[in-house]
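Please keep the model open while reading.

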Amino acid sequence: MRLNLTVNGEPRQADDVWEGESLLFLLRERLGLPGSKNACEQGECGSCTVYLDGTPVCSCLVAAGQAEGRAVRTVEGLAEEGDLDRVQRAFLEAGAVQCGFCTPGLIVAAHDLLARVPDPSDGEIREALAGNLCRCTGYEAILDAVRTAARR
Amino acid sequence: MCTTYSVTWYDTTTWYDSEEIREVDFLRPSSMAEALAAKAERPDAVPIAGGTDVMVELNFDRTRPDALLDLTGIAELAEWSDTGDGGIRLGAGVSYTRIITELGQRLPGLAMASRTVGSPQIRNRGTVGGNLGAASPAGDTHPVLLATGASVELASTRGLRTVPAEEFYVGVKRSVLAPDELITAVLLPGTTAPQQFSKIGTRNAMVIAVCSFAIALHPEQAATGNSTVGTGIGSAGPTPLRATEAERFLTAELANADQWTSPRALDDSVRRRFGDLVAAAASPIDDVRGSAAYRRHALAVLARRTLGWAWWDYCLERTSRCA
């Protein structure tokens, strides 16, 4: 079917969308936005985290058809006018990236945390990132990055 | 408008080279009446709300429904309201995140269970309606629904019916939900009395319960002769279970010792006996998450501890004599 939705502020249209497919598949394979990563396809890893109408969700668990008429913001939409978001800059500065596969999901989750809780405790950071797995186990640097971003 | 799209369903395992196709309809009702009409016409349609269970089935090709019924366009499913007698009517599509933030004080047990569901992303999408629809014995909210005496509201074009949670579950991932029915709401009695929920898992997030337990105190029942303690066991039987013997034992124990009017600390022997009776009420199996023996042991511990916490809270509310 044909879908109309807003992605990163732009109206987008996709044709021949298969209803059984996920929002993640739609974003990556039809709309050319491969920032959101596909790993577990069952909501365990958080690598596909995007905002759906302002709420962070696992895009692998949203049916593409459920995004009709809704607003999606992906990791590609966090940098404004070419300037990286403070969370993205902090991840770079803290070296909070090893293989990088989990990074987009962690950045979106951390971005949401700081929008809700400007000065989060370590407990709040851990809780907010509990649904994002890093199999390089670089969590300490990730926590540093979120603390750094919060100070800005 | 309930729009139906007829599309092609590919076998994703041979996505690029197979000619195998399958029609699927994506039903998108915008009102409850449309949704019920659609479900009556297409009882085979799989309802999808937060998608945290249904999409996993689809992503892994475990389910190939002929139709999906998207419930996220129905505003009233995502609302909760007061029932007028102090209780809450919780729309089946209210997310766990909203239960925690909007109803944490009024539905303490349900909010505790909701906090243990998945991760922030999952709690933003998952719903109690979905927990009930899946009817997995491991669903996190079931023990609380049993302990609090909640009811499930089911609707179809034939009418509305309300089923006590205890009668809703009939087997592993099976419930009394008829093929033409949708889960519309959960009715939860109002309370000011303590409730507790606890769950065993390998970490605090993203865990399917090894076993779980909920307790709700019902001091308002003390004068009626009804059970003053509600219980619910999760992930330790083919369905979520009540521990009725444990409820009976504790109800009698609390009444005989006049504990409701002048509460005092419970004897350790009472808490242990309660835990043993809860463990005895379970019928766990060995599976990948844990052994039956471990589940029984853990349930006895959970029951003893949650009773201790709930009773401590009751004592603090009523008196300072409880030490």
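A crossing is left-handed if the near helix is turned anticlockwise from the far one by less than a right angle, and right-handed if clockwise. By that rule, helix 10 of chain B passes helix 11 of chain B in a right-handed crossing. The model is predicted: local features need pLDDT of at least 70, side-chain atom pairs count only at pLDDT 80 or more, and totals for chains, interfaces and linings use all residues. Residues are numbered from 1 along each chain as its sequence is written, while chains are lettered from A and ligands numbered from 1 in the order in which they are written.

**Confidence**

- The scores of the model are ipTM 0.97 and pTM 0.93.
- Chain B has an average pLDDT of 92, and 92% of the residues score at least 70; pLDDT is the predictor's confidence in each residue, from 0 to 100.
- Over residues 1–19 of chain B, pLDDT stays under 50, and the model has 38 contacts beyond four places in sequence for them.
- Where pLDDT is low, the predicted coordinates should not be read in detail.

**Helices 10 and 11 of chain B**

- Helix 10 (residues 268–281) and helix 11 (residues 292–318) of chain B have axes that come within 8 Å and cross at roughly 135 degrees.
- Axes are lines fitted to C-alpha atoms, for helices over the stretch in contact, with angles from 0 to 180 degrees between N-to-C directions; helices (H or I, at least four residues) and strands (E, at least two) are DSSP runs, numbered from the N terminus.
- The two helices of chain B are therefore oblique to each other (under 35 degrees is roughly parallel, over 145 roughly antiparallel, 65 to 115 roughly perpendicular, the rest oblique).
- Among the contact residues are B:Phe274 and B:Val278 of helix 10 of chain B and B:Leu299 and B:Leu307 of helix 11 of chain B, where contact means C-beta atoms, placed from the backbone, within 7 Å.

**Interface of chains A and B**

- In this interface, 28 residues of chain B are in contact with 24 residues of chain A.
- Elements of chain B that each supply at least two residues to the side touching chain A include strand 1 (3–10), strand 2 (21–28) and helix 5 (120–125).

**Domains of chain A**

- Chain A is assigned domain 1 (3–77) and domain 2 (86–150), with bounds from an automatic or database domain assignment.
- The centres of these domains of chain A, taken over C-alpha atoms, are 21 Å apart.
- Domain 1 of chain A gives 14 residues to the contact and domain 2 of chain A gives 11 residues.

How values were computed: Contact = placed C-beta atoms within 7 Å.
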